[in-house]
Every structure is written in structure tokens, then in C-alpha cells.
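Please read it with the sequence and the 3D view open.

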Amino acid sequence: MSTLTVNGLSVRTEEERALVSDVSFTLPAGERLGIIGESGSGKSLTALSVLGLLPTGLRATGSIRLGDTELVGASPRTLNGVRGSGIAAVFQEPLTALDPLMRIGKQLAWPLSHHRGLRGDALKRGIIEALAAVALPDPEKIARSYIHEVSGGQRQRVAIALALACNPDILIADEPTTALDISVQAEILELLDTAVRERGMSLLLISHDLAVVSRMTEHLLVLRGGETIEQGATRTLLTTPAADYTRLLVDTARSLEAYLPEVTAPAPRTENHS
Ligand SMILES: Nc1ncnc2c1ncn2[C@@H]1O[C@H](COP(=O)(O)OP(=O)(O)OP(=O)(O)O)[C@@H](O)[C@H]1O
């Protein structure tokens with residue numbers, strides 16, 4: 001397990017416009033860091049820089065180290081080695097990581113054979129186990145399905161299974177529940193929480209939802225306009241923010257919650273049809 005150390009990361013366009021400016025943070029092995037900030041604050045570009053997957057035309061400078069390996073300016077070979085076994089990612093839209101033309105089981109076969117050396121029957125078992133581990137019902141059937149044949153929540157579970165199949169040290173989750181039905185969001189968070197805990201992985205969680213980062217992370221980095229506003233322990237930052245901007249984010253989140261009426265009476269008895 002390795003520490004991720006980001007030091008003075010900047011991302012610029014070809015015209016030298018800074019989109020991320022001098023961002024630094026450390027994610028020690030086994031810990032959880034959340035990145036929050038309004039839309040366009042540089043959260044995703046920071047994550048993509050760590051993955052070495054910045055869009056064409058954007059360039060990262062500074063230092064991103066995974067253990068002793070420098071990732072800024074690293075060769076495609078080094079980055080390929082790190083992506084997958086060192087760092088894996090789950091995105092807001094699971095289809096980003098999934099191939100619509102390949103059965104789900106086949107998509108899992110590559111990382112399981114490449115990273116874990118599974119072959120033949122062991123590989124078949126590994127595929128079913130990987131799908132069962134993310135609580136997909138009837139994993140045999142899911143393995144034979146194409147991605148358009150399963151629901152949105154199940155797609156995100158498949159994307160998580162794909163990320164976990166590489167046994168990464170660090171999981172980057174970029175708005176992993178934002179595109180999902182509210183009833184499915186909590187289940188996916190629970191799944192990520194359990195997977196990270198049981199496997200001892202580190203988590204870099206990007207979210208605009210303060211309740212999500214509060215539930216999932218121990219440390220927070222607040223970005224605005226590509227710059228660091230503040231960072232610190234999640235609880236301290238959300239209860240006694242030092243920066244006016246963080247206070248504004250917290251107050252806005254609270255004021256929306258205030259519209260929810262409190263549940264004051266027990267739920268009426270309903271007939272059980274199961
Ligand atoms: N390929 C690109 N070329 C030029 N500018 C870009 C590119 N990708 C992103 N940007 C700009 O960089 C800034 C940071 O984008 P980023 O996607 O990191 O924001 P974010 O905080 O993740 O936002 P959101 O929550 O909306 O996803 C934004 O102003 C965005 O418009």
C-alpha cells in the first residue's frame with residue numbers, strides 16, 4: 001500500500017490558462033479524502049491528473065507521487081502499470097468505463113487475468129465472485145448480459161466490480177452516486193464504504209454533496225476556481241469552517257435540508273406481500 005502525495009499540481013490549457021493552480025494534498029495508505037467545491041472548481045481535473053487521463057490539450061505540472069513513483073510526465077507504460085493495480089476509478093457515468101458491445105463477464109475477464117493471473121475455471125469463478133462481491137443478484141446471468149440489459153444502479157455496481165478486480169491500493173470515485181436514483185445512492189455508498197474498509201484501500205472521493213463526503217471521508221479538500229480554499233479533518237471543516245466559502249457551502253446544504261419536514265409519527269402498518 002502506498003501514499004499518494006500531490007504537490008503543487010497545476011493544470012493549464014495550451015494557452016496557459018490555469019484550470020487547477022498549485023493544489024497539494026496527501027492521501028496516506030488506507031485513509032479517505034474528499035474533494036468538494038462548486039461545479040467547475042477543478043475536482044475532476046485533479047482526479048484525472050492523478051490517473052494520467054487529462055483531456056488532450058491540458059497539461060499537468062507539479063508532482064504526483066504514488067509511493068516512490070512520479071506520475072507527472074511518466075511514460076505511458078508506467079501510467080498503465082499504475083492505472084489498474086495501483087489506482088482504479090469509478091466515475092459518475094458508469095458507461096464511461098464499460099464497453100456496450102462486450103458481455104459484462106468478458107469485460108471483467110481482462111483485469112482478473114491480467115492483474116490476478118486467473119485462467120480457465122478459476123477465471124470463470126473469479127468473474128462470478130467479483131459480481132457477487134458487489135451484491136449483484138444472479139451474477140451468472142449478469143455475466144452473460146450486455147450493459148444496456150441491466151439497471152443504472154447495477155451498471156454502477158459492475159463499474160465498481162471492474163475497478164476492484166484490479167485490486168487497487170487507491171480507489172478514486174468521482175461523483176459515483178450523482179447520476180443514480182436517490183433510493184440506489186445509499187446502497188452504492190454502502191457498497192463503496194464496505195469495499196474500501198474490507199480491502200484496506202485508500203479512497204479519493206469527489207462529490208458536490210456534503211452529506212456524502214461527511215459520511216464517507218475523514219479529510220476534506222475544498223477547491224474553488226481551481227485553487228485550494230482550505231483542507232482539514234472532515235468533521236472540523238464541516239462544523240467549524242475557517243473559510244467563508246466553506247461556510248457558505250455548509251450553510252447552503254443545511255438550508256436545503258431545512259425544507260424536509262420531520263417525521264413525527266410511526267409509519268402506518270402496510271400489508272406484507274412478500
Ligand atoms: N478539456 C478542457 N478544456 C478546457 N477547459 C476545461 C476542460 N475540461 C475542463 N475544463 C474547465 O476546467 C475547470 C475545472 O473543471 P472540472 O471538470 O475539474 O470541474 P469540477 O469541479 O469537476 O466540476 P463538476 O462538479 O461540474 O464536474 C472548469 O472551468 C472547466 O470548464
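Beyond its neighbours within four places in sequence, isoleucine 206 is in contact with Ile35, Lys43, Ser44, Ala47, Ala173, Asp174, Glu175 and Pro176. The model is a predicted one, and the points below are grouped by topic.

**Isoleucine 206**

- Isoleucine 206 belongs to strand 8, which spans residues 202–206.
- The relative accessible area of isoleucine 206 is 0%, and because the cut-off for a buried residue is under 20%, isoleucine 206 counts as buried.
- Isoleucine 206 and glycine 37 are separated by 169 residues in sequence, while their C-alpha atoms are 9.0 Å apart in space.

**The ligand and its surroundings**

- The residues that surround the ligand are Leu19, Glu38, Ser39, Gly40, Ser41, Gly42, Lys43, Ser44, Leu45, Pro55 and Leu58, and Lys43 and Ser44 are also among the contacts of isoleucine 206.
- Sorted by class, this shell holds 4 nonpolar, 5 polar and 2 charged residues, and its largest share, 3 residues, is supplied by helix 1 (residues 43–51).
- In the side chain of serine 39, an N or O atom lies 2.5 Å from an oxygen atom of the ligand.
- On its own the ligand has 640 Å² of accessible area, of which the protein covers 61%.

- Four strands, in the order 2-1-4-5, form an open sheet with antiparallel pairing.
- Strand 2 (18–27) and strand 5 (69–70) stand at the edges of this sheet, and because each has a single partner strand, one side of each is left without a neighbour in the sheet.
- Strand 1 (residues 4–12) runs antiparallel to strand 2 and is joined to it by 6 bridges, with leucine 4 standing opposite leucine 27 of strand 2.
- The hairpin of strand 1 and strand 2 has 5 residues between the strands, and in this hairpin glutamate 16 takes a positive phi near 70°.
- Strand 1 also pairs with strand 4 (residues 59–66), in the antiparallel sense and over 7 bridges, and the bridge partner of serine 10 in strand 4 is threonine 61.

**Helix 2 and its packing**

- The buried residues in helix 2 (residues 76–85) include Leu79, Val82 and Gly84.
- What do the buried residues of helix 2 pack against? They pack against strand 4, strand 6 (87–90) and helix 3 (104–116), and strand 4 is also the strand that pairs with strand 1 in the sheet described above.

**Glutamine 185**

- Glutamine 185 is placed in helix 7, which covers residues 182–199.
- Is glutamine 185 buried or exposed? Its relative accessibility is 18%, so glutamine 185 counts as buried, given that the cut-off is under 20%.
- With neighbours within four places in sequence set aside, glutamine 185 is in contact with Thr177, Thr178 and Leu180.

Conventions
Residues are numbered from 1 along each chain as its sequence is written. This is a predicted model: local features need pLDDT of at least 70, side-chain atom pairs count only at pLDDT 80 or more; totals for chains, interfaces and linings use all residues. Side-chain values use heavy atoms; hydrogens and water are left out. Helices (H or I, at least four residues) and strands (E, at least two) are DSSP runs, numbered from the N terminus. Buried means under 20% relative accessible area, exposed over 50%, partly exposed in between (1.4 Å probe, protein chains only). Contact means heavy atoms within 4.5 Å. A residue is near a molecule or strand if one of its heavy atoms lies within 4 Å of it. A polar contact is a pair of N or O atoms within 3.5 Å; within protein, one must be able to donate a hydrogen and the other to accept it, and residues adjacent in sequence count only if both atoms are side-chain atoms. Accessible areas come from the Shrake-Rupley method with a 1.4 Å probe; for residues, only the protein chains shown count as cover. Ala, Val, Leu, Ile, Met, Phe, Trp, Tyr, Cys and Pro count as nonpolar, Asp, Glu, Lys and Arg as charged, and the others, Gly among them, as polar. Two strands pair if DSSP finds at least two bridges between them.
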